[in-house]
Amino acid sequence: MQILVVDDEASIRELLTFNLKKNGYEVTAAADGREALAKAVGMDLVLLDIMLPEVDGLEVCRRLKADPQTSGIPIIMLTAKAEEIDRVLGLELGADDYVVKPFSMRELLARVKAVLRRSAKDSQNEKGREETLIIGGLRLDFSSYQAWLHDEPIALTPKEYELLKLLVTNPGRAFSRDELLERIWGYEYYGDTRTVDVHIRHLRAKLKGAPAVSDAIETVRGVGYRFARRTA
């Protein structure tokens, strides 16, 4: 597995590189945002600091998720900022997880393992499938892992796609936030349920051009979310 470590502090890059290699990963390092963008293609995971010179980490995340060559690469944000707004921004831009500095190496490695395992499982489950689901103006192609709205491609992150797919293929079923965390992010995910809320909000915004779909993603008070109905 190829991991790109992006941090402007040499000591942190060296620490992460050493521990990741010790656990069997191949590591490439970058010291700023421009270098990260140049090295990201072909990686299996990006560990991305927010406070970077040249191009900050949030902008790097946005560009990687907008580029078809890199949009499927999982991203774990690294940040010294503990404010919720920074975490939320990273998640809304498509990051899969975040870790606040200072962090324990054991926790970071567990998150890396969980994200990589989930990514590999997604690829294996989708490989060779040719199913297509059409709901209103929305079309999901399970074999290509793509979505279209009124025949225009939607730039969904892997987690947004999985969340949407789970909801629309189980119409009427209410999923708790904890269950969605387990099903979409994996059993070893260390985040909190706000992660689900952020992704649902982002998903609704991207689907606003098809109210029959976006409005059908309902909040179940005190529980979580459900897809209310299928619309032909």
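This is a working chat about a predicted model of one protein chain.

Q: How many helices and strands are in the protein chain?
A: The protein chain has 9 helices and 12 strands. The model is a predicted one.

Q: And what share of the residues counts as buried?
A: Of the 232 residues in the protein chain, 49% are counted as buried.

Q: What about contacts, how much comes from residues 24 or more positions apart?
A: Taking the contacts in the protein chain with a separation of 6 or more, 57% are between residues 24 or more positions apart.

Q: Let's do sheets. What is the order of the open sheet with 4 strands?
A: The order is E6-E7-E8-E9, and the pairing is antiparallel.

Q: Which strands are at its edges?
A: Strand E6 (132-135) and strand E9 (152-153) are the edge strands, and each of them pairs on one side only.

Q: How many bridges between E6 and E7?
A: E6 pairs with strand E7 (residues 138-141) over 4 bridges, in the antiparallel sense. As for a particular residue, Thr132 has Asp141 in E7 as its bridge partner.

Q: Which helix lies across E6, E7 and E8?
A: That is helix H6 (residues 158-168), which runs at about 105° to E7.

Q: Where is Asp151, and what is its phi?
A: Asp151 is in the loop between E8 and E9. Its phi is near 70°, which is a positive value in a residue other than glycine.

Q: Buried or exposed?
A: Asp151 counts as exposed, because its relative accessibility is 60% and the cut-off for exposed is over 50%.

Q: What is the phi of Glu54, then?
A: Glu54 is not a glycine, yet it has a positive phi of about 70°. It sits in the loop between strand E3 (45-49) and helix H3 (57-66). Glu54 is exposed, with a relative accessible area of 57%. As background, most residues other than glycine have a negative phi.

Q: Back to H6. At what angle do the axes of H6 and H7 cross?
A: The axes of H6 and helix H7 (residues 177-185) cross at roughly 120° and come within 10 Å. That angle makes H6 oblique to H7. The crossing is right-handed.

Q: Which residues meet there?
A: From H6, Lys159, Glu162, Leu163 and Leu166 meet Leu180, Arg183, Ile184 and Trp185 of H7. By class, the contact of H6 with H7 has 5 nonpolar, no polar and 3 charged residues.

Q: What is the strand order in the open sheet of 3 strands?
A: The order is E10-E12-E11, with antiparallel pairing. Strand E10 (174-176) and strand E11 (217-220) stand at the edges, each with a single partner strand, so one side of each has no neighbour in the sheet. Neighbouring strands of this sheet are turned by 30° against each other on average, direction ignored.

Q: How many bridges does E10 make with E12?
A: E10 and strand E12 (residues 224-227) pair over 3 bridges, in the antiparallel sense. Ser176 stands opposite Gly224 in E12.

Q: Which helices pack on that sheet?
A: H7 packs on the sheet and touches E10, E11 and E12, with its direction at about 85° to that of E10. Helix H8 (residues 194-206) also packs on the sheet, touching E11 and E12, and its direction makes about 150° with that of E11.

Q: What about E11 and E12, how many bridges?
A: E11 and E12 pair over 4 bridges, again in the antiparallel sense. Ile217 has Phe227 in E12 as its bridge partner. The hairpin of E11 and E12 has 3 residues between the strands, and Gly222 in that hairpin takes a positive phi near 80°.

Q: Last one, Leu93. Where is it found?
A: Leu93 is in the loop between helix H4 (84-92) and strand E5 (97-100). Leu93 is partly exposed, with a relative accessible area of 26%.

Q: What is Leu93 in contact with?
A: Leaving aside neighbours within four places in sequence, Leu93 is in contact with Leu58, Cys61, Arg62, Lys65 and His202.

Definitions and conventions. Residues numbered from 1 in each chain as written. Predicted model: local features only at pLDDT ≥ 70, side-chain atom pairs only at ≥ 80, totals over all residues. Heavy atoms only, no water. Pairing = 2+ DSSP bridges. Helix = DSSP H or I, 4+ residues; strand = E, 2+ residues; numbered from the N terminus. Contact = heavy atoms within 4.5 Å. Axes fitted to C-alpha atoms, helices over the stretch in contact; angles between N-to-C directions. Parallel < 35°, antiparallel > 145°, perpendicular 65-115°, else oblique. Left-handed = near helix turned anticlockwise from the far one by under 90°. Nonpolar A, V, L, I, M, F, W, Y, C, P; charged D, E, K, R; others polar. Buried < 20%, exposed > 50% of the residue type's maximum accessible area, 1.4 Å probe, protein only.
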